[in-house]
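Keep the structure open beside you as you read.

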Amino acid sequence: MSQANAIVVLCPKRPDLAGQPLLGHVGWGFELPDGQWMVGAVEGDGWANGNGMNGFWSRKVPGEKQATQVFANMVHHGAEYNYFKYLTMTNQVWPDPDAALRVMAWVSAQPYQLFGRNCMNSTYDILRAFSRGGHFNGKILPSPDFNWIPNGWFNAIQVSQSDYHHLPPASQPVHAFAAAEADLQEAAECPDWRKPESADYLPLGETPEGPVPAVEVVPPTD
């Protein structure tokens, strides 16, 4: 695979929990060596269709168009998404989908926290593993450590207007949320930057003492 791609998908209106303003919500997608895509998200432990621990779901689909369509169709299941950014691997950086799958399996077993082990940190961890350090579009994927909420993190991911889009219109509901069993049988692996003993350790954000200011996300122009 000489080049691979990924997406970050956003609903800017979710969630409104514990007196917090609208924080936003993100999910991920990345390309596999055979051209198929793996998509997923951590919806929160109250989401009925997830795995019962953190609302994790994932699905393998034939290609990028089907990946964005899955997110559009999630509106039928109380998990709305609206926009996505298309991420291209930086030149001379080779993707590591196996590492992304191992981190994805690890993410699926982590207890959910609104501030901490949430949708944003999970998406970041998976895409950072996929791109060997966050190498997309000639830039480094922004760290959630400097962006408290998904809307702010999504804004910090810089892409051209041609790589920022509305999702397609929703069609039929999603009928299967779990990825193929073999994919989740991969040995789960905590990434180095989440290990306290690592020199690359990136701690999860602490719960803020007061409300977090809302962050506006400007819609794409397409």
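Predicted model: local features only at pLDDT ≥ 70, side-chain atom pairs only at ≥ 80, totals over all residues.

What does α2 pack against? One partner is helix α3, residues 119-130. As a general point, a pair of packed helices is described by two quantities, the angle between the axes and the distance between them. For α2 and α3 the angle is about 160°, and the axes lie 7 Å apart. An angle over 145 degrees counts as roughly antiparallel, and the two helices are therefore roughly antiparallel to each other. The crossing of α2 past α3 is right-handed.

Now look at the side of α2 that meets α3. From α2 come Pro97, Ala99, Ala100, Val103, Met104, Trp106 and Val107, and they meet Ser122, Asp125, Ile126, Ala129 and Phe130 of α3. Sorted by type, the residues of this contact comprise 10 nonpolar, one polar and one charged.

Next, follow the chain to Ser143, which sits in the loop between β7 (139-140) and α4 (150-156). Is Ser143 buried or exposed? The relative accessibility of Ser143 is 14%, and the cut-off for buried is under 20%, so Ser143 counts as buried. Leaving aside residues up to four places away in sequence, Ser143 touches Tyr124, Trp153 and Leu202.

With these local views in place, let's step back to the whole protein. Its secondary structure amounts to five helices and eight strands, and along the sequence they follow the pattern β-β-β-β-α-β-α-α-β-β-α-β-α. The radius of gyration is 16 Å, close to the 17 Å that the globule rule gives for 222 residues, so the protein is as compact as a globular protein of that length. Taken along the principal axes, the C-alpha atoms fill a box of roughly 45 × 45 × 35 Å.

Two further values complete the picture. Of the 222 residues, 53% count as buried. Among contacts with a separation of 6 or more, 73% are between residues 24 or more positions apart.

Technical notes. Residues numbered from 1 in each chain as written. Heavy atoms only, no water. Axes fitted to C-alpha atoms, helices over the stretch in contact; angles between N-to-C directions. Helix = DSSP H or I, 4+ residues; strand = E, 2+ residues; numbered from the N terminus. Parallel < 35°, antiparallel > 145°, perpendicular 65-115°, else oblique. Left-handed = near helix turned anticlockwise from the far one by under 90°. Contact = heavy atoms within 4.5 Å. Nonpolar A, V, L, I, M, F, W, Y, C, P; charged D, E, K, R; others polar. Rg over C-alpha atoms; globule rule 2.2 N^0.38 Å. Buried < 20%, exposed > 50% of the residue type's maximum accessible area, 1.4 Å probe, protein only.
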